[in-house]
Amino acid sequence: MLGANRKRVVVIGANGQLGTDLVEVLDEWDLIPLTHSDVDICDFVHMRKVLSRTQPEIVINTAAFNRVDDGEDEPSKAFWVNTYAVRDLARICADLGCVLMHLSTDYVFGGEKCTPYTEDDTPNPLNVYGVSKLAGEYFVRHLCPKHFVARTSGLYGVAGSSGKGGNFVETMIRLAKEGKPIRVVNDQVLTPTYTKDLARKIKELLQTEAYGLYHITNSGRCSWYGFAQKIFELVGLKPDFSPTTTVEFRAKARRPAYSVLAHSKLKRAWLDDLRPWPEALYAYLLEKRYFKG
């Protein structure tokens, strides 16, 4: 075991949107960043070999099949990455006696509520992606004694999401600059979350032994349309932009109408809430040099 201030940590998915920020935030720890070219999370034998060799104190899993609509057509891929590989990873971490921090999603909920979901609320996923992520959660929680499961939502970060070709913020700005009409759903409410803020809170949590399930997002709430409105306002763009409904948008996968997450467990662990989502968006745009003045 290394000193308390220099933990040995493996980050799986280190070149992803959240993984990139975790690598930056955890830079003073003994960090082992792993990308898909280093290890395939679905390859149990190789994963065990890598982790047995590196002997980490903590494993952070950010890898996921997160193309929500594609999951409806490719459920086997979603379950291999989000469920079975996570099950195997939990077994490996349990055998090695290390901590597993696993990332999950607000899409484990069905949107029936109109108040923020707590960690004690019963999940009810509406799509294959949500079901596969929830199943992965259960494996982590039941197979690995020293675990953190962090549900989050609406992620955007400087690195962008390679699996989605960027992120929502980048997509909105690109479409606006191209002069294309933009229609965004106004009846799905969530909390957009800046991956740098999420990474910092994960670091704080990893310095405790308060294992369990956590909701970690920026604070506040908005619709996707409201999120886009704020992006355009801050960047100074005035595109052809209007709201639409989930029914009119006709996405393949069903999504919850409301998936705001309450941060009850963070408070119990004496950890501060993350800053409001508009402040986080401002910081992101400033870092990306989109913001004017």
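The legends below describe close-up views of a predicted model.

**View 1. The largest nonpolar core.** This core has 29 residues. Those with the most contacts inside it are Val169, Met172, Val184, Phe227, Ile231, Phe232 and Leu281. Two or more residues come from each of α6 (168-177), β7 (182-185), α8 (224-235) and α11 (277-288). Helix α8 gives the most to the core, with eight residues.

**View 2. Surroundings of Met172 in the core.** Met172 is among the residues with the most contacts inside the largest nonpolar core. With its neighbours within four places in sequence left aside, Met172 is in contact with Ile182, Val184, Ala228, Ile231 and Phe232. Of these partners, Val184, Ile231 and Phe232 also belong to the list of residues with the most contacts inside the core.

**View 3. The tilted pair Tyr156 and Phe227.** The structure holds 16 aromatic pairs. In the pair of Tyr156 and Phe227, the ring centres are 5.7 Å apart and the planes are at 45 degrees, so the pair counts as tilted. Tyr156 lies in strand β6 (residues 155-156) and Phe227 in helix α8, so the pair ties together parts that are 71 residues apart in sequence. Tyr156 has a relative accessibility of 1%, below the 20% limit, and therefore counts as buried. Phe227 is buried as well, with a relative accessible area of 1%.

**View 4. The edge-to-face pair Tyr194 and Tyr284.** The rings of Tyr194 and Tyr284 are 5.7 Å apart, centre to centre, with 80 degrees between the planes, and form an edge-to-face pair. Tyr194 belongs to strand β9 (residues 193-194) and Tyr284 to helix α11; the pair links parts of the chain 90 residues apart. Both residues are buried.

**View 5. The cluster of linked rings.** Ring pairs link Tyr156, Phe168, Tyr194, Trp224, Phe227, Trp277 and Tyr284 into a cluster. The cluster includes Tyr156 and Phe227 of the tilted pair, and also Tyr194 and Tyr284 of the edge-to-face pair.

**View 6. Charged ends over aromatic rings.** The charged end of Arg87 sits over the ring of Phe139, at 5.9 Å from the ring centre. Lys113 has its charged end over the ring of Tyr117, at 5.3 Å from the centre of that ring.

View 7. The structure holds one cavity of 30 Å³ or more. About 40 Å³ of space lies in the largest cavity. Its lining is formed by Asp106, Tyr107, Gln188, Val189, Leu190, Trp224, Pro256 and Ser259. Trp224, one of these lining residues, is also part of the cluster of linked rings.

Note on methods: Residues are numbered from 1 along each chain as its sequence is written. This is a predicted model: local features need pLDDT of at least 70, side-chain atom pairs count only at pLDDT 80 or more; totals for chains, interfaces and linings use all residues. Side-chain values use heavy atoms; hydrogens and water are left out. A nonpolar core is a set of buried Ala, Val, Leu, Ile, Met, Phe, Trp, Tyr and Cys residues joined through side-chain atoms within 4.5 Å. Buried means under 20% relative accessible area, exposed over 50%, partly exposed in between (1.4 Å probe, protein chains only). Helices (H or I, at least four residues) and strands (E, at least two) are DSSP runs, numbered from the N terminus. Contact means heavy atoms within 4.5 Å. Rings of Phe, Tyr and Trp (its six-membered ring) pair if their centres lie within 6.5 Å; planes under 30 degrees apart count as stacked, over 60 as edge-to-face and the rest as tilted. A charge sits over a ring if NZ of Lys or CZ of Arg is within 6 Å of the ring centre and within 35 degrees of the ring normal. On a 1 Å grid over the protein atoms alone, a cavity is a set of points where a 1.4 Å probe fits but cannot get out, and a pocket is an open set with protein on both sides within 12 Å along at least five of seven lines; lining residues have an atom within 4 Å of a point. Grid points are joined across faces, edges and corners, and a volume is the space filled by probe spheres set on the points.
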